[in-house]
Amino acid sequence: MLDITPQNIRMWSLLGSCGAFGAAAESVVQENSNIVMLTADLCSFAGLSRFSKMYPDNFFNVGIAEQNMVGVAGGMAKEGLIPFVTTYATFASMRALDQIKVNMGYMKLPVKLVGMTAGLSVGILGATHISIEDIAAIRSIPNICILSPADSLETVKCVEAAVQIAGPVYLRLSGSMNNPPVYKADYDFVAGKAITLKDGEDITIIATGTMVHNSLRAAKLLKEKGISAKVVNMHTLKPLDVDAVKSACSSKMIITVEEHSVIGGLGGAVAEVLAGIEKKPEHLIIGVSDSYKPAGEYKYLLEQYGLLPEQIAEKIEQNYKK
Amino acid sequence: MTNLTELSKQMRTDMLKMAYSVGKTGAHIGPSLSLTEIIAVLYFSVMNFDPKNPQNDSRDRLILSKGHGVMAQYAAMKQLGMITDEVLLTFKKNGSKLSAHPSLNRELGIEFSSGSLGQGLSLGVGCALALKRKKSNSRVFVILGDGECNEGSIWEAAMYASYQKLNNLTVIIDKNNIQYDDFTDNILSMNPLDKKWESFGFETKTVNGHDTEQLIKILNMNAEKPVAVIAETIKGKGVSFMENNPQWHNGILSQELYEKALVEIGGANA
């Protein structure tokens, strides 16, 4: 286990989710030599440069061939290894989607698929590299647990959890380097159990990934406007913490916030639960609108899609009926 | 030693029974019949496989990537005493474990689910890498169709297998020259298939896929590299009206045709 110290949290945040993933990989392999890391020509990008040198027998670079990578991981998983498969989230989730369905969904082989730079963080590279569809695609496949950490410390926690989970996992890493920390000290992480970060009387904001931090900041701005918001970190998108959604029904409005398409992601998952509940408040889905926008830097794209804290607060304020 | 000719005859008879039992649903009889000797030789001669202990870690792994040929595998399992006649006839019935495409089943030694073409070789490469890591002597056999070799993922896996020098991996290509729609030459010819595998770094051998002696000899060969065996076969082998006929990739057996086929199979080696 990695030491969770203020220094480490600061360092992992600087490195971003990929770097934090790499640090976690070096840690978990020390406790379980059956853990192997695969990548499709993205060793350093995935934060695995040091890992590949320290543990060459546990590292496999398959070249630029994502479908083969997921298949090879399936074979390894059947033979008792714990393979983590790493590449850009968009290629991890969709280039090899049929392999994911058959190997991870249908056969439940315990492959741990890691989608790096999910969301908009690599938007400057164009729509080929952003990943706003991955949750929707993978969530529709049975049997796959989806983890979406809020910051770098939670990324470390999720890697440790993914090793413990007996079945297949999709680990969705959003954000870039210098990832703002949500957690400044150690805390209890249990996959499938949402975490309330801030209590509030009027509304409940349920967020995932990078949008947890932005939602906390939005909640602060809303407080100035006299709206008291509860903020929930939905770090596990599947299986969804249904109780957390049910308890949100006592507030006057539910808002989901995600760096993913408004179709089929966290908003969709929460709406599916709400559909079965008779007395429920209005549900506002905030996320990436159903569109591809011209390429641009991370913050620029977040602004284009209305995902900066001020924009989130404003949208909530506009829609909130007292 | 098992009489492989007699065994193949019984396997073909059971495949016809299975195909007939599903009635108008139809079954992949042609691509199963072409596999008969390959499967027979693997289970009864080449592979280290104990039907009483199909999860034994020291077993050789068999991956039927062209999953639609699975009737040949079920027929072999009956001969191995792993399934009864009764179970055999649950083939392709609602909820049966003997599905139209194989479903992972540890008790039956079905290593992986298949049916979505192009995926089995990557799984085999993963197994072969893991087995090498474990210092295991087990071998991995992956059976592909020649039509299946249209899939790009096969070649991704082939590149990686030879780069990793996986000499514990043997690929057998059931080259029956017919795919779903028509003869492969009329759809997407892969010829020269042997040159392709060779250039991807495989020790490549071409054999008559219905000649059990040749198959045994080649499949027991030691190599420094992964091996590709191009098994030249006849789709629908053993039944005159099915042989080399694209109509029988997936076909429906009437009672009349079924009886005719049984006689031909029974008489073929009498």
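Two strands pair if DSSP finds at least two bridges between them. The exercises below apply this to a predicted model.

**Exercise 1. Describe the sheet of chain A and the pairing at strand 10 of chain A.**

Solution. 
- Step 1. The sheet of chain A is open and holds seven strands, in the order 2-1-3-4-6-5-10, with mixed pairing.
- Step 2. At the edges stand strand 2 (59-61) and strand 10 (236-238) of chain A; each has a single partner strand, so one side of each is left without a neighbour in the sheet.
- Step 3. From one strand to the next, the twist averages 20 degrees.
- Step 4. Two bridges link strand 5 of chain A to strand 10 of chain A, and the sense of this pairing is antiparallel. A:Ile146 has A:Lys238, in strand 10 of chain A, as its bridge partner.
- Step 5. Helix 1 (residues 6-31) of chain A packs on this sheet and touches strand 1 (35-39), strand 3 (82-88), strand 4 (112-118) and strand 6 of chain A. The direction of helix 1 of chain A makes about 140 degrees with that of strand 6 of chain A.

**Exercise 2. Characterise the contact between domain 1 and domain 2 of chain A.**

Solution. 
- Step 1. The domain assignment places domain 1 of chain A at 7-174 and domain 2 of chain A at 195-319.
- Step 2. Their C-alpha centres are 25 Å apart.
- Step 3. Domain 1 of chain A contributes 24 residues to the contact, and domain 2 of chain A contributes 27 residues.
- Step 4. On the side of domain 1 of chain A, the elements giving two or more residues are helix 6 (134-139), strand 5 (145-147) and strand 6 (169-174) of chain A.
- Step 5. That side of domain 1 comprises 13 nonpolar, six polar and five charged residues.

**Exercise 3. Classify the packing of helix 1 and helix 4 of chain B.**

Solution. 
- Step 1. The axes of helix 1 (residues 4-21) and helix 4 (residues 70-79) of chain B are 9 Å apart, and the two helices pack at an angle of about 120 degrees.
- Step 2. Angles of 65 to 115 degrees count as roughly perpendicular and those over 145 as roughly antiparallel; helix 1 and helix 4 of chain B are therefore oblique to each other.
- Step 3. The crossing of helix 1 and helix 4 of chain B is right-handed.
- Step 4. Contact residues include B:Leu7, B:Met11 and B:Met18 of helix 1 of chain B, and B:Met71, B:Tyr74 and B:Lys78 of helix 4 of chain B.
- Step 5. By class, this contact between helix 1 and helix 4 of chain B has ten nonpolar, two polar and two charged residues.

**Exercise 4. Determine which element of chain B supplies the largest share of the side that touches chain A.**

Solution. 
- Step 1. The contact brings together 20 residues of chain B and 20 residues of chain A.
- Step 2. Helix 6 (120-133) and helix 7 (152-163) of chain B each supply at least two residues of the side of chain B that touches chain A.
- Step 3. Helix 6 of chain B gives the largest share, ten residues.
- Step 4. The side of chain B that touches chain A divides into ten nonpolar, seven polar and three charged residues.

Note on methods: Residues numbered from 1 in each chain as written. Chains lettered and ligands numbered in written order. Predicted model: local features only at pLDDT ≥ 70, side-chain atom pairs only at ≥ 80, totals over all residues. Axes fitted to C-alpha atoms, helices over the stretch in contact; angles between N-to-C directions. Helix = DSSP H or I, 4+ residues; strand = E, 2+ residues; numbered from the N terminus. Parallel < 35°, antiparallel > 145°, perpendicular 65-115°, else oblique. Left-handed = near helix turned anticlockwise from the far one by under 90°. Contact = placed C-beta atoms within 7 Å. Nonpolar A, V, L, I, M, F, W, Y, C, P; charged D, E, K, R; others polar. Domains from an automatic or database assignment.
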